[in-house]
Amino acid sequence: MPTTVVVGLQWGDEGKGKMVHNLSESATAVARFSGGANAGHTVKLGGSDLVLHQVPTGLVQPAVKAFVGTGCVLDPIALSEELKSLMDAGINVGDRLRISSKVHLVHPVYKALEKMDEEDRGGNAIGTTLRAIGPTYVQKFSRRGIRLEDAACESEFREAIEAQTDRCLSMLDLSSDRRTEIRRQSERFTELSLELVELAGDVSLALEEILEEDGLVIAEGAQGTLLDPDHGTYPYVTCGSCLSGAASISLGIGPSMIDEVVGVVKAYCSRVGAGPFPTELRGDTGDMLREKGHEYGATTGRPRRCGWLDGVLLRYASRLNGCHWLALTMLDVLSGFDSLNICTRYELDPDSDVPLFETGRRLGKHRPVFEELPGWSENIAGATSWDDLPEQAQRYVLRIEELVGVPVRAVSTGPGQNDIIWRLF
Ligand code: IMP
Ligand code: MG
């Protein structure tokens, strides 16, 4: 049985959580393959919102097994709070959650390192979520990281954590109160990591068994393609790989185990943090998108920058991920605009055409060239059938399909789990 990979094709917050939740209704397991507590997936449960950061969204389905892959970074303090909020919401995690023993742990002192680094960049700060994602991956690749499996040997683990805390504190200029606070957090980190050993396991092996028994695995990405450290808008990116290919490496399943790649696309664009955003709208239209789409960060509460859909970017992102089909989300947010713009190419002075997406310093200088499409006034929230959509909305969807060259199989029309139009081909 297959593995389906779900990734975001813009700058994150495309609505992957909802699509994963929906697809996982028939799944055996959902496995997160990237990022950490920087992610924020809002799941509508009954009338209330549950925000998940580190555990796979599929955990919300009562019978689904959940895995956190090796390529993620895990914050034990944040995880204990998240597990408590799941319990409060009546979700029984029990033995359904397994974390790769090779996952790297986010130590509290890394947050102070990240704050220092962001301050040091001044006006060029990345605008990170300050969840110490970057410093944890830096420790990993400088081969000084702490892995969950290290906590299996308690006395050595305690010594290693103390040494790591001392080493990192020596790089920081902090008051003695702040140092004491970090040492206290480090103790809590140590205790919680020791408790987490119980959930540690071999994710690769567990997934192999599920796939051999014909189970369906959903591999859940985090953030979005343009935040990928290799192919995104470097240096304004995150540090965990956001592309479908990363699912294979992170989860320890060969590429031949992946059958389907789903690209999640928001019907317009948003971005949190700094970095180039060619189709950004800075005036009233951008504000309208932000308010109608409730575009405020699920993790940090920051207002998201909003803009028109970018077809050049989507073609690039779909190619990098090898998408089989797209899920278009938040289409209902576009009701009420007289007309809608889609960027189909860029221009650079003096009037040179840029048909393909490119990263690097030039990107910030691109002028988007838009195609105008008619809007619609009807409220389409909660529509579940293609025929419920006004002709202009159908045209918008079909134009995206044409520009990207990949079918739009699902259209999300509201935050509710069933607010989806499935198009059958
Ligand atoms: P970091 O992942 O905290 O290092 O942040 C790096 C960049 O990625 C910043 O621009 C963040 O705003 C952005 N980012 C990280 N996680 C998310 C997410 O889940 N959604 C949207 N943007 C994110
Ligand atoms: Mg999010």
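In the predicted model, the magnesium ion (ligand 2) is coordinated by Asp13 (OD) and Gly40 (O), at 2.1 to 2.4 Å. Donors are N, O and S atoms within 2.8 Å of the metal (3.2 Å for Na, K and Ca), and water is not among the atoms, so sites may look incomplete. Aspartate 13 is placed in the loop between strand E1 (3-8) and helix H1 (16-23), and glycine 40 in the loop between strand E2 (29-32) and strand E3 (41-45), so the pair ties together parts that are 27 residues apart in sequence. Helices (H or I, at least four residues) and strands (E, at least two) are DSSP runs, numbered from the N terminus. Aspartate 13 has 25% relative accessibility and counts as partly exposed, whereas glycine 40, with a relative accessible area of 16%, is buried. Buried means under 20% relative accessible area, exposed over 50% and partly exposed in between (1.4 Å probe, protein chains only).

This is a predicted model, in which local features need pLDDT of at least 70 and side-chain atom pairs count only at pLDDT 80 or more, while totals for chains, interfaces and linings use all residues. Residues are numbered from 1 along each chain as its sequence is written, chains are lettered from A and ligands numbered from 1 in the order in which they are written, and side-chain values use heavy atoms, with hydrogens and water left out.

An open sheet is formed by 10 strands in the order E9-E7-E5-E2-E10-E1-E11-E15-E19-E20, with mixed pairing. E9 and strand E20 (420-422) stand at the edges, each with a single partner strand, so one side of each is left without a neighbour in the sheet. Two strands are taken to pair if DSSP finds at least two bridges between them. Strand E9 (residues 200-201) pairs with E7 in the parallel sense over two bridges, and isoleucine 99 stands opposite alanine 200 in E9. Strand E7 (residues 97-100) is in turn parallel to strand E5 (residues 65-68), over three bridges; here phenylalanine 67 faces arginine 98 in E7.

E5 is joined to E2 by four bridges, and these two strands run parallel. Phenylalanine 67 in E5 stands opposite alanine 31. E2 also pairs with E10 in the parallel sense, over four bridges, with valine 217 in E10 as the bridge partner of alanine 29. In a regular strand the side chains alternate between the two faces of the sheet. Lysine 266 stands opposite threonine 329 in E15.

The largest nonpolar core has 67 residues, of which Leu207, Leu331, Leu334, Tyr396 and Ile400 touch the most other members. Helix H11 (residues 391-404) supplies the largest share of this core, six residues. At least three residues of the core come from each of domain 1 (3-102 + 199-261) and domain 3 (264-422); the domain bounds come from an automatic or database domain assignment. A nonpolar core is a set of buried Ala, Val, Leu, Ile, Met, Phe, Trp, Tyr and Cys residues joined through side-chain atoms within 4.5 Å. Tyrosine 396 touches Ala267, Leu309, Leu331, Leu334, Leu340, Ile342, Leu373 and Trp376, not counting residues up to four places away in sequence. Contact means heavy atoms within 4.5 Å. Apart from this core lies another, of 42 residues, among them Cys72, Leu74, Ala132 and Leu148.

Helix H3 (residues 108-121) has 14 residues and reaches 21 Å from its first C-alpha to its last, close to the 20 Å expected at 1.5 Å a residue. The expected span is 1.5 Å times one less than the number of residues. The buried residues of H3 are Pro108, Val109, Tyr110, Ala112, Leu113, Glu114 and Glu118. Their cover includes helix H2 (76-88), strand E8 (104-105), helix H4 (133-141), helix H5 (154-169) and helix H6 (176-196). Glycine 122, whose phi is positive, near 55°, follows H3.

Most residues other than glycine have a negative phi, and most peptide bonds are trans. Glutamine 223 is not a glycine but has a positive phi of about 55°; this residue is buried, with a relative accessible area of 10%. Histidine 294 also has a positive phi, of about 45°, but counts as exposed at 62% relative accessibility. The peptide bond from tyrosine 234 to proline 235 is cis, with omega near 5°.
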